[in-house]
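Please look over the model shown below.

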Amino acid sequence: MPHHEELTAADLGLMQAMAQRVTALRPDLVNSDASYGELAWNWGRGRSARGSTWTRRLWFSGGELVAWGWLQPPHTARRGDGSVKDVTYAYLVYQVHPEHAGLVDEVIDWYDTTAEGADRTVVPSAVDTYGLERWAAHGYDTDPAALGDTGSWTQLNQRDLTDVEEPSLPDGFRFRTADEAGPEAAVQAHVAAWAPSSYTAESYEGVRGTAAYRGDLHVLVEAPDGTMAASALVWLDTVNRSAQFEPVGTHPAYRRRGLGRAVLLHGMRLARQAGAEQMTVACLGAPGHPAAVGLYYSVGFRRFTRDAPLLKRA
């Protein structure tokens, strides 16, 4: 039975639980925005500003969630520097359990009906051959802009945690956690790394309010002058004994000092101590975005799967 209404915290928990079940069965089918950690990050940081515009639909079988769609309509994002970014297309995050693959047609029909009149985008996993066939049958084509040399397609990288190098920081720098440093420091670290950003103290409160968030796994690097120079948020999936980085960033003034590498190694060691046996992180995969790929490869990650951006014009 489907349910169609605004996305709530309770819905998020059901969606994350389904992501864990799909990860246990077919981790290659979990696209970057439908993973356990990414769901919490995106819902938490955006719900204060945009949550009232989000629409979701859930499909159940025998009382268990087996498919869902989360529609994000066109919107205007206001950044901390006063600039605005107009997102002119609708975007669907969705997941269908492999044992109920036929529901993808219902997800597509719902999306087309609900977002009618807007350009529609979606990013299935590139290995989901059945899903890709069904999207194509409904008029969705490969998004050429997303697949260009500087395109926005993402790849999921993975590594095990059996042997993680000990991190090294420059003199005077030290590791902190968000629990230790506090909300202001956590917000400062993100805003500096991703400027211009729409992230605010309210955004962080939304992230911190999710059940999956752990402040002791939100890692920061503090510079000698007290500036939060780098950060990485670790999302721990205890069901699958895995963890995910999202997001990872370094203050522009402190780049090329090895801080990104250090915060990743430290985060992986903390994740291992918390019970994780493997780690994932998503990044832009196009050749015009080599920095993140190079960083993650330098600490042992390798590409596991990637997404396949699709577009349907209004």
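The notes below go from the nonpolar cores to the backbone.

This is a predicted model: local features need pLDDT of at least 70, side-chain atom pairs count only at pLDDT 80 or more, and totals for chains, interfaces and linings use all residues. Residues are numbered from 1 along each chain as its sequence is written, and side-chain values use heavy atoms, with hydrogens and water left out.

**Cores**

The largest nonpolar core has 33 residues. A nonpolar core here is a set of buried Ala, Val, Leu, Ile, Met, Phe, Trp, Tyr and Cys residues joined through side-chain atoms within 4.5 Å. Buried means under 20% relative accessible area, exposed means over 50%, and partly exposed lies in between (1.4 Å probe, protein chains only). Phe173, Phe245, Leu259, Met268, Met279 and Phe301 have the most contacts inside this core. At least two core residues come from each of β11 (218–222), β12 (228–237), β13 (242–250), α8 (259–273), β14 (278–284) and α9 (290–298). Helices (H or I, at least four residues) and strands (E, at least two) are DSSP runs, numbered from the N terminus. The biggest contributor to this core is α8, with eight residues.

Phe173 touches Val221, Glu222, Ala223, Pro224, Ala229, Tyr254, Arg257 and Leu259, leaving aside neighbours within four places in sequence. Contact means heavy atoms within 4.5 Å. In soluble globular proteins, nonpolar side chains tend to be buried together.

**Helix α8**

How many of the 15 residues of α8 are buried? Eleven are, and the helix is mostly covered. Among them are Leu259, Val263, His266, Met268 and Leu270. After α8 comes Gly275, with a positive phi near 115°.

**Enclosed spaces**

The structure holds three cavities of 30 Å³ or more. The largest cavity has a volume of about 220 Å³. Of its 18 lining residues, Thr23, Ser35, Ser242, Gln244 and Thr280 are the closest to its centre. Two or more lining residues come from each of α2 (36–50), β9 (154–160), β12, β13 and β14. The largest share, three residues, is from β13. By class, the cavity lining divides into seven nonpolar, ten polar and one charged.

The second largest pocket holds about 240 Å³ of space. It has 18 lining residues, and Leu29, Tyr94, Val96, Asp128 and Gly131 are the closest to its centre. Both β6 (89–96) and α4 (129–137) supply at least two residues of this lining. Its classes are ten nonpolar, six polar and two charged.

The terms are set on a 1 Å grid over the protein atoms alone: a cavity is a set of points where a 1.4 Å probe fits but cannot get out, a pocket is an open set with protein on both sides within 12 Å along at least five of seven lines, and lining residues have an atom within 4 Å of a point. Grid points are joined across faces, edges and corners, and a volume is the space filled by probe spheres set on the points. Ala, Val, Leu, Ile, Met, Phe, Trp, Tyr, Cys and Pro count as nonpolar, Asp, Glu, Lys and Arg as charged, and the others, Gly among them, as polar.

**Backbone**

Most residues other than glycine have a negative phi, and most peptide bonds are trans. The table lists exceptions.

| Site | Feature | Angle |
|---|---|---|
| Ala195–Pro196 | cis peptide bond | omega about -5° |
| Glu246–Pro247 | cis peptide bond | omega near -5° |
| Arg241 | positive phi | about 50° |
| Arg256 | positive phi | near 65° |

Pro196 sits in the loop between α6 and α7 (201–208), whereas Pro247 is in strand β13. Arg241 is in the loop between β12 and β13. It is partly exposed, at 41% relative accessible area. Arg256 is in the loop between β13 and α8. Its relative accessible area is 88%, so Arg256 counts as exposed.

Pro247 also meets His190, which is in contact with Trp41, Ser197 and Tyr199 too, neighbours within four places in sequence aside. His190 belongs to helix α6 (residues 183–193). Its relative accessibility is 10%, so His190 counts as buried.
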